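Subject: Structure handover

Hello,

Here is the structure for your work. The notes on what was found in it come after the structure itself.

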Amino acid sequence: MSLKRQDSEGNYRVVDPRTGEFIDEYPLGNPLGQAEHQNTFTNRFNVVDHDDDKGEIVEENGLIVPSEDEAKIKAFIKNAISIDNFIETFNDNSHETLLKLLALQDNKHPLKKGGVGIAYRTDALIMHCKMEFSAEENVVFDAILGTMSSFPENKSYKIAPTDFLKLAKYENPKSLYRTFQKGTKKLQDRHLIFDELGPDGKDDIVVPWFNVLRYHNGNDKNPAFIEFVPSDFFKDLALCSQLVHGAYGALEVTTQLRGKYTIALYWYLENRKNYRAYPSATPGVFSLSLEEMKHQFSIPESYRRVDIERRVLEPAKESINSVPECDFTFEYSVSKDAGSVVGYTFKVTNKNYIDTTAYEILEIEDNEKEPMVEELRMLANITKLDFTDDELIRISKAAKRNNKDSTDMMQILPAFKQRMEKAGLEPIEDKVGYLCRMIEQGVSLSSKQSKAGNNKNSFNNFEQRDYDMAELEKKLLNRE
């Protein structure tokens, strides 16, 4: 692709992107008053057409200058899909907005990064909709968003779970089929809810986002698929990335997250990870009051600070920070006013990746040969715990981060097994995240026994079971 830059006369001319030198032929005439596509002579004695498109126009700083038409289209779209103009948008502008978005796509201005495995959620979906989707609904919803924005000109979509097997983190393919079936059924009764709109901010608007949505059960000859026809307004939201603020999310990340609060917080943090409170501020640092937390994530009003941390923030932190494919990690701390906790301050840190397929393949191969992974696999079999290869790799990385070796894990894994089997305690949604937390806190059978000799462990108060540690160590040392 060629680029243009202004010369000393104020004219835009083609430049060599490597040297910055002008390389085009300069027309000797002015197009003013000429008919369209009328030719003129150049400084190199050739004939050129003033109306030919020679490439993208850039300023001296290298930034591309949008054409007047493109700038007008973007301004129209930002206004048309604005929440402030919601009713006018939905009734009058939705179809016209969609056509303009498709025109931009046709003119080779890509509107979304990545393929079908990457979903884009605008502020209209992240900030103004109560994020109450279940894990299954989120997987299907993101698959729909990713497919729509990758094939913007389609009027209807047929989405097969098999297309997402490589993009989703499921050990058993049947799990993905069950997820799609269950998620689609739930989404059929789900609408987009935009709340606190209207003159006084007291209006809620319920918007249907699809015209057709069905799950077709497969058989031995024909695989299952989803048939989907979006509404014009929802298609606007799916196509307007790079024009309207929002967040990108990968299906390989969201399929590893469990719990509605964890998934909701993931999308919110993706949306805010580059936020700056002021130009020179550290990116990704922001605060939320307790009231804002409850409103944004539909947290019950009865939840106290300890409930928010135990049921929302801690599970989300453990789960999100333990997913290798997630492009950020986060921390939080309490915000106080006059000695009282009034909210939380979040710090989102972007990870640094080498974005090459070869690197990813080598990393997987190295993980498969990692001795700690094999030791964990043996310990898991001994203690009758079932982990996938990806989960073992995550656990191994958590152990390395916290300087834990196989001897430590010989005590932690049986403790984890006992917690899983302890009746009367809350079920664990993210088992790997929970285990990583045990590793981080250094819980072991030998060091956590109570002085009273009641044989109880301080980590969630589960009872110990007698394991022959000498036998476990022998099996590890004698492994082939």
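Lys 185 lies in helix α5, which spans residues 173–187. With a relative accessible area of 62%, Lys 185 is exposed, the cut-off for that class being over 50%. Between Lys 185 and Glu 136 there are 9.7 Å in space, C-alpha to C-alpha, while the two are 49 residues apart in sequence. Please keep in mind throughout that this is a predicted model.

**Overall make-up**

The protein has 480 residues, and 43% of them are buried. Its secondary structure consists of 16 helices and 15 strands. Of the contacts between residues at least 6 apart in sequence, 59% join residues at least 24 apart.

**Nonpolar cores**

The largest nonpolar core contains 70 residues. Those with the most contacts inside this core are Phe 180, Trp 209, Phe 228, Phe 234 and Phe 346.

What does Phe 228 touch, not counting residues up to four places away in sequence? The list is Ile 144, Met 148, Ser 156, Tyr 157, Trp 209, Phe 210, Val 212, Leu 213 and Phe 234.

Helix α6 covers residues 232–239, and seven of its eight residues are buried, so the helix is largely enclosed by the rest of the structure. The buried ones are Phe 233, Phe 234, Lys 235, Asp 236, Leu 237, Ala 238 and Leu 239. Note that a lysine and an aspartate, Lys 235 and Asp 236, are on that list.

Helix α4 (residues 135–150) packs against α6, with axes that come within 9 Å and cross at roughly 80°. At that angle α4 is roughly perpendicular to α6. On the α4 side the residues in contact are Phe 141, Ile 144, Leu 145, Met 148 and Ser 149; on the α6 side they are Phe 234, Lys 235, Ala 238 and Leu 239. By class, this contact has seven nonpolar residues, one polar and one charged.

**Helices α14 and α15**

The axes of α14 (residues 406–421) and α15 (residues 431–441) come within 10 Å, crossing at roughly 135°. This makes α14 oblique to α15. The crossing of these two helices is right-handed. From α14, the residues involved are Met 409, Ile 412, Leu 413, Ala 415, Phe 416, Arg 419 and Met 420; they meet Lys 431, Tyr 434, Leu 435, Met 438 and Ile 439 of α15. The contact of α14 with α15 comprises 10 nonpolar residues, no polar ones and two charged ones.

Most residues other than glycine have a negative phi.

- Ser 298 has a phi near 55°, a positive value in a residue that is not glycine. Its place is in the loop between α9 (290–296) and α10 (305–321). Is Ser 298 buried or exposed? At 16% relative accessibility, Ser 298 counts as buried, since the limit is under 20%.
- Ala 338 also is not a glycine, and its phi is positive at about 55°. The loop that holds Ala 338 runs between β14 (328–337) and β15 (340–350). With 80% relative accessibility, Ala 338 counts as exposed.

Regards

How values were computed. Residues numbered from 1 in each chain as written. Predicted model: local features only at pLDDT ≥ 70, side-chain atom pairs only at ≥ 80, totals over all residues. Heavy atoms only, no water. Core = buried A, V, L, I, M, F, W, Y, C linked by side-chain atoms within 4.5 Å. Buried < 20%, exposed > 50% of the residue type's maximum accessible area, 1.4 Å probe, protein only. Contact = heavy atoms within 4.5 Å. Axes fitted to C-alpha atoms, helices over the stretch in contact; angles between N-to-C directions. Helix = DSSP H or I, 4+ residues; strand = E, 2+ residues; numbered from the N terminus. Parallel < 35°, antiparallel > 145°, perpendicular 65-115°, else oblique. Left-handed = near helix turned anticlockwise from the far one by under 90°. Nonpolar A, V, L, I, M, F, W, Y, C, P; charged D, E, K, R; others polar.
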